[in-house]
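Have the viewer open while you read, and click on each residue as it comes up.

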Amino acid sequence: MKNAVAILLCALIGLASAGEYKVRTAEDLQKVRKECAESNKVTEALVAKYKTFEYPDDEITRNYIKCIFNKFDLFEDTKGFKVDNLVAQLGQGREDKTLLKADIEKCADKNEQKSTPNAWAYRGFKCFLSKNLPLVQAAIQKKN
């Protein structure tokens, strides 16, 4: 009986830890960027714009952004933004993530507009970028 309880506890701990977000690395970002650029037929001209933090509101860019957010487990097409995952990913090295979480929550709307998933992900991304460009730039520079 004691063994059964111990096995059950280990299984529950395993399930709980399996649900934790895995912070992605610089290598993960490079790999996902490449995959998403290829799968969405992102042109060299658009890549050049992205490198200067210019993300035009077009179908290719919206799909590219959604692809990255999906692959990083930061966004689900039907449920939207995963705020806690975004805080974990962007808040690396911060002790107090309260302000970061508040900023993310302001941008992570519930899609009251009933937009397509790519428009929804893009809208949240652009909102967050407008409020936290230095943070995003610093995170990307660390990863490049």
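This is a predicted model: local features need pLDDT of at least 70, side-chain atom pairs count only at pLDDT 80 or more; totals for chains, interfaces and linings use all residues.

1. Now the overall layout. The chain has seven helices and two strands.

2. How much of the chain is tucked away? Out of 144 residues, 37% count as buried. The exposed surface comes to about 9,100 Å², and 58% of that is supplied by carbon and sulfur atoms. Contacts also reach across the sequence: take those between residues at least 6 apart, and 57% of them join residues at least 24 apart.

3. Next, the helix pairs. Two packed helices are described by the angle between their axes and the distance between the axes. The crossing of α2 past α4 is right-handed.

4. Which residues make that contact? On the α2 side they are Val 32, Arg 33, Glu 35, Cys 36, Ala 37 and Ser 39, while α4 brings Tyr 64, Cys 67, Ile 68 and Lys 71. Sorted by class, the α2 and α4 contact holds six nonpolar residues, one polar and three charged. Colour them by class and have a look for yourself.

5. The second pair is helix α5 (residues 83–90) with helix α6 (residues 98–107). Here the angle is about 130° and the axes lie 10 Å apart, so α5 and α6 are oblique to each other. The crossing of α5 past α6 is right-handed.

6. Zoom in on where those two touch. From α5 come Val 83, Asp 84, Leu 86, Val 87 and Leu 90, and they meet Leu 100, Lys 101, Ile 104 and Glu 105 of α6. By class, that gives six nonpolar, no polar and three charged residues in the contact of α5 with α6.

7. Stay with α5 for a moment. Helix α5 is mostly covered, with six of its eight residues buried: Val 83, Asn 85, Leu 86, Val 87, Gln 89 and Leu 90. Leu 90 counts as buried because its relative accessible area is 18%, and the cut-off for buried is under 20%. Between Leu 90 and Ile 104 there are 9.8 Å in space, C-alpha to C-alpha, and the two are 14 residues apart in sequence.

8. Most residues other than glycine have a negative phi. So what is phi at Lys 41? The value is near 55°, which is positive, and Lys 41 is not a glycine. Lys 41 sits in the loop between α2 and α3 (44–51), and counts as exposed because its relative accessibility is 65%.

9. Asp 73 is another one to check. Phi is near 60° there, again a positive value in a residue other than glycine. You'll find Asp 73 in the loop between α4 and β1 (75–76). With a relative accessible area of 27%, Asp 73 is partly exposed.

Key
Residues are numbered from 1 along each chain as its sequence is written. Side-chain values use heavy atoms; hydrogens and water are left out. A crossing is left-handed if the near helix is turned anticlockwise from the far one by less than a right angle, and right-handed if clockwise. Helices (H or I, at least four residues) and strands (E, at least two) are DSSP runs, numbered from the N terminus. Contact means heavy atoms within 4.5 Å. Ala, Val, Leu, Ile, Met, Phe, Trp, Tyr, Cys and Pro count as nonpolar, Asp, Glu, Lys and Arg as charged, and the others, Gly among them, as polar. Axes are lines fitted to C-alpha atoms, for helices over the stretch in contact, and angles run from 0 to 180 degrees between N-to-C directions. Angles under 35 degrees count as roughly parallel, over 145 as roughly antiparallel, 65 to 115 as roughly perpendicular and the rest as oblique. Buried means under 20% relative accessible area, exposed over 50%, partly exposed in between (1.4 Å probe, protein chains only). Accessible areas come from the Shrake-Rupley method with a 1.4 Å probe; for residues, only the protein chains shown count as cover.
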